[in-house]
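Look at the chain below and pick out its helices, strands and loops. The text after it takes a few places in turn.

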Amino acid sequence: MPKVAIIGVGDVGATLAYTLQLSGLATEIVLIDIDEGRTRGHALDMNHGLFFTPPVKIYAGEYTDCQGAKIVVITVGSRQKPNETRLELVQRNAGICKSIVSRIAPYIQETVLLVTSNPVDVMTYVVLKSSGLPSGQVLGSGTVLDSARFRFSLSQRCGVDARNVHAYVVGEHGDSEVLLWSSVNISGITLESFCKGCKHKCPPNSQSQIEESVKKSAYHIIEAKGFTNYGVSLAMLRILGAILRDEHGVLTVSTLLNGEYGLSDLCLSVPCMISNNGIERVIEAPLSAGESAALQKSAEVLRSVIKSLDY
Ligand SMILES: NC(=O)c1ccc[n+]([C@@H]2O[C@H](COP(=O)([O-])OP(=O)(O)OC[C@H]3O[C@@H](n4cnc5c(N)ncnc54)[C@H](O)[C@@H]3O)[C@@H](O)[C@H]2O)c1
């Protein structure tokens with residue numbers, strides 16, 4: 001029966017726990033956080049909703065409760081402060097993630113670890129290396145959310161349901177991420193062909209406007225309300241669903257690259273097939289020359305952070 005442990009029950013972890021409760025995907029949800037009182041409060045509050053949701057056992061637990069979990073989600077850490085880049089969070093969160101891995105190490109040999117703590121690509125690398133697990137078993141939420149933001153922006157611009165828009169963001173979950181314009185399609189039609197029959201009069205700079213809105217949306221949300229939680233939790237729920245339902249869905253999660261796209265020994269997001277065991281396959285999408293160069297640059301950004309890490 002699928003048990004999911006969430007380590008770090010702040011704004012993101014608590015919202016994920018709630019969306020997971022509503023989804024009916026898990027039979028057991030364990031909440032683990034250094035702030036035990038607030039975590040017990042979240043568990044009790046969620047239990048009071050059980051009359052209205054699919055049955056699920058929810059409780060505040062300890063690291064030992066990761067035993068038997070199909071998935072452990074790591075959402076601990078400090079959140080971005082206004083104007084702080086994700087990369088500036090790195091050193092603080094790396095130490096926390098590493099110490100958590102050492103606490104759960106005895107219980108996670110068969111478990112998939114999903115990391116969301118920022119900077120997520122670097123934290124995924126830290127968790128992977130310190131856990132010693134096979135690379136497919138450790139993934140980061142990566143640019144699943146950014147790809148959803150890209151689809152949303154395109155859907156708004158084109159006046160079409162976001163679910164008919166196929167578009168991917170790869171690279172760092174952060175400022176150097178790469179929007180793959182060359183492979184955008186709307187219900188199987190290339191963007192260029194779709195635009196031909198469209199009556200919306202897009203300004204000539206609409207592509208850069210979309211780039212800006214996708215890349216800066218986290219900053220705008222944090223400026224407005226101090227944190228992001230709903231979009232990221234739904235993105236994580238999508239990843240959990242792909243694992244728990246053995247979907248073989250393709251999502252841009254952060255993964256260790258081993259020669260794909262000419263890159264190795266770092267984690268970043270590319271399209272990956274997700275199944276019950278975690279990452280089943282890293283997919284090599286065809287990129288334009290510009291996209292390929294931008295992906296290499298994004299990798300350089302991450303590589304320099306990983307190099308500077310003292311963990
Ligand atoms: N990847 C993404 O798309 C994305 C989106 C939003 C937030 N995030 C990141 O997720 C993380 C959590 O964000 P948040 O807004 O929920 O932050 P938050 O401050 O609300 O919650 C963090 C939680 O971690 C707990 N914590 C801290 N140290 C701990 C430890 N050693 N052991 C156990 N628990 C510990 C805190 O008590 C707190 O409850 C941050 O790193 C944030 O940047 C990532």
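Predicted model: local features only at pLDDT ≥ 70, side-chain atom pairs only at ≥ 80, totals over all residues.

Residues are numbered from 1 along each chain as its sequence is written, and side-chain values use heavy atoms, with hydrogens and water left out. Helices (H or I, at least four residues) and strands (E, at least two) are DSSP runs, numbered from the N terminus.

Two packed helices are described by the angle between their axes and the distance between the axes. Axes here are lines fitted to C-alpha atoms, for helices over the stretch in contact, and angles run from 0 to 180 degrees between N-to-C directions.

Begin with helix 3 (residues 90-104) and helix 4 (residues 120-131), whose axes come within 9 Å and cross at roughly 30°. Helix 3 and helix 4 are therefore roughly parallel to each other. Angles under 35 degrees count as roughly parallel, over 145 as roughly antiparallel, 65 to 115 as roughly perpendicular and the rest as oblique. Helix 3 passes helix 4 in a right-handed crossing; a crossing is right-handed if the near helix is turned clockwise from the far one by less than a right angle, and left-handed if anticlockwise. Helix 3 brings Val90, Asn93, Ala94, Cys97, Lys98 and Val101 to the contact, and helix 4 brings Val122, Met123, Val126, Val127, Ser130 and Ser131. Contact means heavy atoms within 4.5 Å. By class, eight residues of the contact of helix 3 with helix 4 are nonpolar, three polar and one charged. Ala, Val, Leu, Ile, Met, Phe, Trp, Tyr, Cys and Pro count as nonpolar, Asp, Glu, Lys and Arg as charged, and the others, Gly among them, as polar.

The second pair is helix 1 (residues 11-23) and helix 8 (residues 230-244), with axes that come within 9 Å and cross at roughly 50°. That angle makes helix 1 oblique to helix 8. Their crossing is right-handed. The residues in contact include Leu16 and Leu20 of helix 1 and Leu234 and Leu237 of helix 8. Nine residues of the contact of helix 1 with helix 8 are nonpolar, four are polar and none is charged.

Now turn to the backbone. Which form does the peptide bond from Asn118 to Pro119 take? This bond is cis, with omega near -5°. Pro119 lies in the loop between strand 5 (112-115) and helix 4.

Asp246 has a phi near 50°, a positive value in a residue other than glycine. Asp246 sits in the loop between helix 8 and strand 12 (249-251), and at 36% relative accessibility it counts as partly exposed. Buried means under 20% relative accessible area, exposed over 50%, and partly exposed in between (1.4 Å probe, protein chains only). Asp265 is not a glycine either, yet its phi is positive, about 55°. Asp265 belongs to strand 14 (residues 264-269) and is partly exposed, at 42% relative accessibility.

Is Glu172 buried or exposed? Glu172 is buried, with a relative accessible area of 4%. Glu172 is found in the loop between strand 8 (169-170) and strand 9 (178-179). The side chain of Glu172 makes a polar contact with the side chain of Ser176, at 2.6 Å. A polar contact is a pair of N or O atoms within 3.5 Å; within protein, one must be able to donate a hydrogen and the other to accept it, and residues adjacent in sequence count only if both atoms are side-chain atoms.
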